[in-house]
Amino acid sequence: MTFPLTFWDISLWLGITAIILLATAELISPYSGKTNIIIEKRKMRRAALLAGIMSMMTVIARIYGIIITS
Amino acid sequence: MRDVDNAEKLSLARSEESVQGQKRVVERLQQLEGERDALRLELWRLKRKPSGVIGYGLLVSGVTALVLSISFSSSILAFIGLGLTFWGVLLLYIRPVRYVKATLLDSSAVSSLVAISRVITDLNYAGKGIYLPPRYLKEFKSSSIFVPSESTLVIPPVEDVSHGKVFLEDPKGLLLTPSGLDLANLYEKELGMDFVKTDLNYLRNNLPKVFIESLEIAEDLEINSGNEVVCVRIIGSVYQELCREARKLPRICNSFGCPLCSSIAVALTRAIGKPIIIERTEINSDGKTIETCFRTL
């Protein structure tokens, strides 16, 4: 009864999700002229940035692990 | 005798016909009421926001998949669960608070503009509306527009304005609250800055951000300033229909101002600290671009 995903699986998932969210947030930005999409764009961008930061943190943890072990 | 019988039969037939007619009307009425109820339900179904239901649905199925993934030690189920949970939470988080249609915005504002236009026209006041800077007022968050009776641009003394009178005698004119006052206060709230403490450069750099990103009033905004003239170009505004309606009203568009132009005038007069008039307002042929020029006095 253990969670089947490892830290690196979650890192990969976070990376893909962050890319999708960041691209979406950029495409629906009011600066692109898409002002008719009815969602909270500011919150969307915040969520995308959060996912991106979390993904980067897992990457940094991985790099740190490689440096420490080598 | 036969005639009387015939008349009775005719009267009976007519009354039967009338009763049947009434029955048909009642049946038709019931049928129409049924159709109305069905249409109302359909309209309600179309109007409600499905994003909440979808969000909760994704969340529940995601959590279920995560729990099952632990039971079956399945990484595929875990990925599916993570994805569904994440998108469910995201959908609930980015759901719009409350949006209203632009037509509702226009309809609610036009009547008050019509009333002001009628008052100014009936009084036969010919002067352009002068937006007074905060030093004329008791509170920084309030604002006033002075409509002089003559076409000459005269500014009333500070004491008269601060008393809060509507009709002034010397110089003769009308002192009103601008239609865009609360909108201008909203810009300040969004920026977290009082325009009184800023200047024109600050507005030039920050007002587009409020218009495009924060409040999504317009697709683009440019502020250009020249010799005592500040021109503001607004592209793709949600107020463009209201602006077009305001142009039809006498003494509104280039004097009192529609809520959007009025809000910019209030922001400008606070930042510059001088009285301002709306010199001209133009809408491009495509109706998307509004250009308003303000002159400082």
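In the predicted model, helix H7 (residues 200–214) and helix H10 (residues 259–272) of chain B have axes that come within 8 Å and cross at roughly 140°. Axes are lines fitted to C-alpha atoms, for helices over the stretch in contact, with angles running from 0 to 180 degrees between N-to-C directions; helices (H or I, at least four residues) and strands (E, at least two) are DSSP runs numbered from the N terminus. H7(B) and H10(B) are therefore oblique to each other, where angles under 35 degrees count as roughly parallel, over 145 as roughly antiparallel, 65 to 115 as roughly perpendicular and the rest as oblique. On H7(B) the contact (C-beta atoms, placed from the backbone, within 7 Å) involves B:Leu200, B:Tyr202, B:Leu203 and B:Leu207, and on H10(B) it involves B:Ala267, B:Leu268, B:Ala271 and B:Ile272. Eight of these residues are nonpolar, with no polar and no charged residues; Ala, Val, Leu, Ile, Met, Phe, Trp, Tyr, Cys and Pro count as nonpolar, Asp, Glu, Lys and Arg as charged, and the others, Gly among them, as polar.

Residues are numbered from 1 along each chain as its sequence is written, and chains are lettered from A and ligands numbered from 1 in the order in which they are written. Local features need pLDDT of at least 70 and side-chain atom pairs count only at pLDDT 80 or more, whereas totals for chains, interfaces and linings use all residues.

The axes of helix H4 (residues 102–123) and helix H8 (residues 240–248) of chain B come within 9 Å and cross at roughly 25°, which makes H4(B) roughly parallel to H8(B). Residues B:Ala102, B:Leu105, B:Asp106, B:Ala109, B:Val110 and B:Leu113 of H4(B) meet B:Glu241, B:Leu242, B:Glu245 and B:Ala246 of H8(B). This contact comprises seven nonpolar, no polar and three charged residues.

A residue is buried if 20 or more other C-beta atoms, placed from the backbone, lie within 10 Å of its own, exposed if 12 or fewer, and partly exposed in between.

Chain A has two helices and zero strands, and 16% of its 70 residues are buried.

Technical notes
Contact = placed C-beta atoms within 7 Å.
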